Amino acid sequence: MNKVIIKTENLCKYYNKGQHNEVRAIDKVNIDINRGEFISIIGPSGSGKSTLLHMIGLLDRPTCGKIYFDGKDISNLSDNQITKIRREKVGFVFQQFNLIPLLTALENVELPMTINGHKEIDTKKKAEELLKKVGLGHRLNNRPPQLSGGEKQRVAIARALANDPEIILADEPTGNLDTKTGKEIINLLRRMDKKGFTLAIITHDQRIAKVAEKVINIKDGRIIKEGG
Amino acid sequence: MLDMALRNVFRQKARTALTVLGVMIGIAAVVALGSLSEGLRVQITKNLEQASGIVTVTEKSDQGLFVGMTSSELSQETVDEIMSIDGVRDATPVVYEVGYLDDESLGFGQPTLFESGVNPEDIELFTTEGAILDEGEVLEEGDTDYAMIGYTISEDLDLEVGDIVTVEERDFIIKGVYEEFGDPGLDSGIIIPIEIAQELFERDTYSAVIIYPEDLDEVETLANDIEDSIDGVSAFTTAEFAKQIQGIVDQIGFFTIGIAAISAIVGGLGVMNTMIMSVMERRREIGVLKAIGATNSYVLRMILIESAIISLIGGLIGLGIGYLGSNALSFLTGGQAEGIVTIRLAVYSLVFALFLGIVGGLYPANRASKLSPVEALKYE
Ligand SMILES: Nc1ncnc2c1ncn2[C@@H]1O[C@H](COP(=O)(O)OP(=O)(O)O)[C@@H](O)[C@H]1O
Ligand SMILES: [Mg+2]
């Protein structure tokens, strides 16, 4: 186990490279994320926060530079190998919740386990436990349209935890919630964080940023300030 | 995954129903039309088993026995020559005409009437020793005003022993009615004494001579001998006959099923269209699936299973409708065209439906599997 779970070297993501409308969404970024750390990523809209989060969560490939995940350079891995690492080690939480509307809360949480295909796991039981842990023991069989925003985000968090990831990446998880609910969600995420997860949250909320151990401030695809 | 695919399929109920309908119509057509050629095939096989080892001699014809027999004119001398050839166990001449029943009450689908003149003592030979009397008796020497009829005729005209049947304006008393035999030549046939037939049709020639060889293994040799030693005749064996008929049936089957298959392919295009739309609508969801760890092949399989489900449902309902349609066709044609939905036909049409679904699903499934999760997540 490496102390640094994610390390980037001159990481960049250019859209429409070489054309007149080239966008440097992320430009030569170097960061180290330590295991168990709580990081917040801040910056104006369009500065490249989501792009960075997608790349370090192995959802998107960089146009140049390197990502080391748990010490391993992932640039030469196949799509399937990268998907497997993402599935087992990364949990995503989105601003739009992104639950599957057709499935119940329980089934949504089961899904990453089913896809992962470990037959020995009782997916139903584990999903139930996770939903209880996020305070939704009474909403197991409700579908997303029947849930409030805060409840949806709790389901999403339970789903992110399903395959026991090492890092949780949350992209403005409180962006669609009122202040009070947002606070509860952040508290919930932080409680998970205490149990040894690495947690990275993109946020506009200065109060969240204040409690983070490290703040990465991005503007125009570059880190302008990094500190705790 | 199957459970989720089923739910996805029934998410857009109206659209799925229409797509299923498209496949259903095509498969129903394949089954209904296919059943007719299967019916013909089964009937022919049955007849051939009953009529194995017979040589039928007609006037020389290049058009095969079927056509040959209706226009054939064999003189008395030729018939005598044929019957006296070596290797013949039994032989009997036949006069054969095709007519239509003069019965206005039958209306559309008036059955054809196969009129055969046979020597009364040789009727067993003519019916290839396989037909069973349902009621009455077989014609005897001197029964000039009597006739025997087949199952279909007796059913259609509601005739029984003792009733009168009119052929070419001459009345005959029905002496015997046969059980269903499986060959329209007998089932839709009327048998009268051969001299009467010649009188009725104003001819002194014969249509054919039916020959039973002494040695069943020598059928082909006997047929060749007859053609070699007698001028102006063609000798057909059951095997040749079978080949000819099979060829015709295969052609008919190929053509009709081909037309039906085109409509099924259109149904398959419907599946493709529906799945393309479905994938577009669910782009974001597919992005989510990938974000939580679904591989490209997982997404590919999911979409393929969905299109297979749609086409299989269409195939199953189509099979049911096609089965009903096949029965309806048999009914409308008064049993002349008997459709049989064989297991082979049922399995082929379901496999075809599945094939259409999978082929139709390949393009949308491939597109879905290649979606970039980050791009897909941007869609509302
Ligand atoms: N597919 C794309 N094509 C072109 N530009 C893009 C694409 N995706 C994102 N961008 C641009 O990249 C920049 C960073 O986007 P993003 O990471 O979403 O910002 P943030 O999350 O900080 O609001 C923005 O200017 C955005 O317009
Ligand atoms: Mg963003």
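Predicted model: local features only at pLDDT ≥ 70, side-chain atom pairs only at ≥ 80, totals over all residues.
**Entry 1: the ligand's place**

I started with the space taken by ligand 1, and it is the second largest pocket (on a 1 Å grid over the protein atoms alone, a pocket is an open set of points where a 1.4 Å probe fits, with protein on both sides within 12 Å along at least five of seven lines; a molecule sits in it if more than half of its atoms lie within 2 Å of its grid points). Residues are numbered from 1 along each chain, and side-chain values use heavy atoms, with hydrogens and water left out.

Where does ligand 1 lie? I found it between chains A and B. I counted 13 residues around it, with A:Gly46, A:Lys49, A:Ser50, A:Thr51 and B:Lys378 the closest (a residue is near if one of its heavy atoms lies within 4 Å).

**Entry 2: polar contacts**

I looked up N and O pairs next (a polar contact needs them within 3.5 Å). On chain A, a polar backbone atom of A:Gly48 is 3.0 Å from an oxygen of ligand 1. On chain B, a ligand nitrogen is 3.2 Å from a side-chain N or O of B:Glu375, and a ligand nitrogen is 2.7 Å from a side-chain N or O of B:Lys378. The protein covers 68% of the 570 Å² of accessible area that ligand 1 has on its own (Shrake-Rupley method, 1.4 Å probe).

**Entry 3: rings**

I searched the whole structure for aromatic pairs and got one. The ring centres of A:Phe92 and A:Phe94 are 5.7 Å apart and the planes are at 10 degrees, so I call the pair stacked (centres within 6.5 Å, planes under 30 degrees apart). Both A:Phe92 and A:Phe94 are buried (under 20% relative accessible area, 1.4 Å probe, protein chains only).

Conventions. Chains lettered and ligands numbered in written order. Phe/Tyr/Trp six-rings, centres within 6.5 Å; stacked < 30°, edge-to-face > 60°. Buried < 20%, exposed > 50% of the residue type's maximum accessible area, 1.4 Å probe, protein only. Polar contact = N/O pair within 3.5 Å; in protein donor to acceptor, adjacent residues only side chain to side chain. 1 Å grid on protein atoms, 1.4 Å probe; cavity = no way out; pocket = protein on both sides within 12 Å on 5 of 7 lines; lining within 4 Å.
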